[in-house]
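Dear colleague,

Please find below the structure that I am handing over to you. My notes on what was found in it follow directly after.

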Amino acid sequence: MTQYESRIGTASKEAIFTSNALLSSGSIIAPAVVVATSFMQAAALCIIFSTVTYITVVVCSYVPRKLLYTIRIIIYTLVASLVYVPAAMLVELFMPSYFAALGIYAPLLITNSMITVRTEAKFYRLKRGYMLQLAAFYVIGYDIGLLALGTLREMMADGGLFGLKMLPISVPTVSSLFGGFIVLAILSAGFRWISARLLRREEAA
Amino acid sequence: MTQFLELLMASLAAVTLENVIFTTAFGTSTLIELTKKNWQILSFGGFITEFAVLSSLIAYFLEGLLISWGLGLRLMPIGYIISLGAIYILTLIGIRAASKKAFSAMKRYIHLSAFNCAVLSVLFTNSVNGSSLLDRLLFAAYTGLGFMLAAYILRINYDRLSSDRVPAAFRGFPIYALYIGLVSMIIYILKR
């Protein structure tokens, strides 16, 4: 394995498994528990989240570190609010009904913790090349968590996916806010249990 | 007196039955982060209330200005960030003037109270509802107080939720999410 491949492997393992933004750290919970009630709804949220977060992280990595921390944080969120405009227009164009269902949870992504916290605490302390890869994996990790949550909730609430009945029963309350919290908690615990087992097995090998 | 009591009851309902965390989930990640220490509930809860109320005031006038210029609601998030940024800077200057010690302790964390879903959601909700200035300020205050109440409710059982008796996979975020989900379910039932 080359050094590059090993670095990619470490970054993806950290961002997708050990420190998954949604399932391990519990970041950016509100849109996940409220609007990720189906696969398509979660997909619409993923597109806006990924576009806004990744472009903001890349653009803001050029903000001089000499600037006051207070000013830097304001610039990060301002850049995010600018990136949000075309991202929202894009999703509204191709997925109008899903975009409408996101309500104010979509624009709230401009202050998500990957932009306001993780940039300063993690990303911008690393070399740019590696940071860009790691940030991409963090975004993908959150997207995977969100899509898994949306799919699971759709399956449980409707008894199937995309209108196809697959399960004999359905639990409509899974689509509610408290249902979102409870399913996310169980999904997160399951994910951590599987991740821990896989890591232990890898260390033993 | 009746009017005062009505206002008191409405305020109580807004903070409990319409609680920002348990009915909308806005700011849940920040809540879990801030509940780790007792002093943070009051100080950061207070700052969240301050940021929500004062930025609502600025956003109200900025919104009118943007609409009169024909820029519409699409660009409002930028207006909200400008409002929040202004209050954030003024707050930091205020803390610095009051105590240098407090300033160095808080400067790295206070942005968590300013730039989070809970505060930003107040500005968005006010715009969507087209509320009057007084209603906006009251809603912002209720949101801040509701956040503090939710933080207190989580804090009450924080030690139990963080204990070693919780199964390893549920320790940390999953058990907090489950707890918030259960409280949220109770509020949902009470409202029916």
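In chain A, α3(A) and α4(A) cross in a right-handed manner (right-handed if the near helix is turned clockwise from the far one by less than a right angle, left-handed if anticlockwise). This is a predicted model, in which local features need pLDDT of at least 70 and side-chain atom pairs count only at pLDDT 80 or more, while totals for chains, interfaces and linings use all residues. Residues are numbered from 1 along each chain as its sequence is written, and chains are lettered from A and ligands numbered from 1 in the order in which they are written.

The axes of α3 (residues 39–60) and α4 of chain A come within 9 Å and cross at roughly 145 degrees (axes are lines fitted to C-alpha atoms over the stretch in contact, with angles from 0 to 180 degrees between N-to-C directions). Helices are DSSP runs of H or I with at least four residues, numbered from the N terminus. Among the residues making this contact are I48(A) and I55(A) of α3(A), and V79(A) and V83(A) of α4(A) (contact: C-beta atoms, placed from the backbone, within 7 Å).

N112(A) lies in the loop between α5 (96–102) and α6 (113–116) of chain A. N112(A) counts as buried because 26 other C-beta atoms lie within 10 Å (buried: 20 or more within 10 Å; exposed: 12 or fewer; partly exposed in between). Leaving aside neighbours within four places in sequence, N112(A) is in contact with I28(A) and T53(A).

The contact between the chains takes 35 residues from chain A and 36 residues from chain B. On the chain A side, α9(A) gives the most, with ten residues.

With kind regards

Note on methods
Helices (H or I, at least four residues) and strands (E, at least two) are DSSP runs, numbered from the N terminus. Two residues are in contact if their C-beta atoms, placed from the backbone, lie within 7 Å.
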